Amino acid sequence: MTADPTIRPQLDPREAAAEARSILACPASVTLMVPGRSGVGAEDGLGLQDAQGTPTFLCVPGSGLAAAVGREAVVTVRSGLGPSASKERAAVVTITGRLEVTGNDTCECCAEPRLFVSVVPRTVALCSGPDAAERTHVPLAEYAAAGHALNRGFLQRSSEHANDCHQDQLRRSVSAATGTPVGEVLGVAVSDLRPGRVTLSWVDPQGAHRSVLTFPRTARTPAELGDLLRRELGTGC
């Protein structure tokens with residue numbers, strides 16, 4: 001096999017893998033392309049799930065994506081890390097691999113069967129800027145390492161989910177912890193989420209407040225982190 005001359009090892013393999021996994025967990029946009037099958041990535045409702053570093057899409061049997069199973073595909077993921085104007089948003093991860101059915105499900109609303117179709121990574125490349133020469137090959141063994149499960153992107157997206165979807169639970173949690181009537185807790189924000197702690201900020205009639213909550217143990221997996229957040233914050237995260 002001839003090496004791609006545009007792919008150069010510029011980052012430490014572990015750092016490159018951590019960034020690539022973070023971008024997949026926290027994308028700004030995702031493009032799926034199947035050579036020879038136009039329009040597959042444009043189908044409605046595909047979505048994207050990060051299955052431990054494997055890009056996974058949900059589709060119905062008979063869809064273009066389902067029909068493309070067995071073919072090679074390319075997934076391009078643009079970074080959603082950091083603030084919207086940050087330099088981190090210029091990074092892109094490109095994953096190539098074979099499309100495989102990795103599971104199935106049934107829609108809760110209409111009982112329609114669904115398929116989980118994954119792009120099983122064969123190559124992973126990280127481009128940290130607009131210059132294609134900045135592409136870095138990411139070793140698959142390091143990319144798939146369990147130590148990247150609680151990556152920066154996962155933690156950012158988890159914080160965003162808590163803030164966007166569990167605001168009522170967060171306000172009640174602050175109310176119970178501080179004795180402030182829940183109606184006077186005007187807003188709560190989760191930030192700086194880490195495996196061992198989380199920062200909670202809120203506003204009430206007395207002003208703005210901030211508290212760092214240290215978990216009783218350090219989470220090792222996403223499931224453990226979810227359990228710790230539910231226990232400390234009383235949310236359904």
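Modeller: The model is a predicted one, in which local features need pLDDT of at least 70 and side-chain atom pairs count only at pLDDT 80 or more, whereas totals for chains, interfaces and linings use all residues. Residues are numbered from 1 along each chain as its sequence is written, and side-chain values use heavy atoms, with hydrogens and water left out. Helices (H or I, at least four residues) and strands (E, at least two) are DSSP runs, numbered from the N terminus.

Two strands are said to pair if DSSP finds at least two bridges between them. S8 and S9 are part of an open sheet of 3 strands, ordered S8-S9-S10, with antiparallel pairing. S8 (187-194) and S10 (207-214) each have a single partner strand and therefore stand at the edges, so one side of each is left without a neighbour in the sheet. On average, and with direction ignored, neighbouring strands of this sheet are turned by 20 degrees against each other. For such angles, axes are lines fitted to C-alpha atoms, for helices over the stretch in contact, and angles run from 0 to 180 degrees between N-to-C directions.

Helix H5 packs on this sheet, where it touches S8 and S9, and its direction makes about 90 degrees with that of S8. Contact here means heavy atoms within 4.5 Å. H5 (residues 167-178) also has a helical partner: its axis and that of H4 (residues 152-165) come within 5 Å and cross at roughly 85 degrees. The two helices are therefore roughly perpendicular to each other; that word covers angles of 65 to 115 degrees, while under 35 counts as roughly parallel, over 145 as roughly antiparallel and the rest as oblique. On the H4 side, Ala-162, Asn-163 and Cys-165 meet Gln-167, Gln-169 and Leu-170 of H5.

The scale is as follows: buried means under 20% relative accessible area, exposed over 50%, and partly exposed in between (1.4 Å probe, protein chains only). Once neighbours within four places in sequence are set aside, Ser-191 is in contact with Val-198 and Thr-199. The C-alpha atom of Ser-191 is separated by 9.7 Å from that of Ala-162, the two residues being 29 apart along the chain. Asp-192, also in S8, has a positive phi of about 45 degrees although it is not a glycine. With a relative accessible area of 35%, Asp-192 is partly exposed.

The wider chain gives this part its setting. There are 6 helices and 10 strands, and 39% of the 237 residues count as buried. Of the contacts between residues at least 6 apart in sequence, 56% join residues at least 24 apart.

The largest nonpolar core has 30 residues, and those with the most contacts inside it are Leu-32, Leu-65, Leu-99 and Val-138. The elements giving two or more residues to this core are H1 (13-25), S3, H2 (64-67), S4 (72-79), S5 and S6. Apart from it lies another core, of 18 residues, including Leu-150, Val-185, Leu-193 and Leu-228. A nonpolar core is a set of buried Ala, Val, Leu, Ile, Met, Phe, Trp, Tyr and Cys residues joined through side-chain atoms within 4.5 Å. In soluble globular proteins, nonpolar side chains tend to be buried together.

Strand pairing can also be followed around S6 (residues 113-127). S6 is joined to S3 (residues 54-59) by 4 bridges, in antiparallel fashion, and Cys-59 stands opposite Leu-115 there. With S5 (residues 92-106), S6 pairs in the antiparallel sense over 14 bridges, and Val-93 stands opposite Leu-126. A further 3 bridges join S6 to S7 (residues 135-137), again antiparallel, with Ala-125 opposite His-137.
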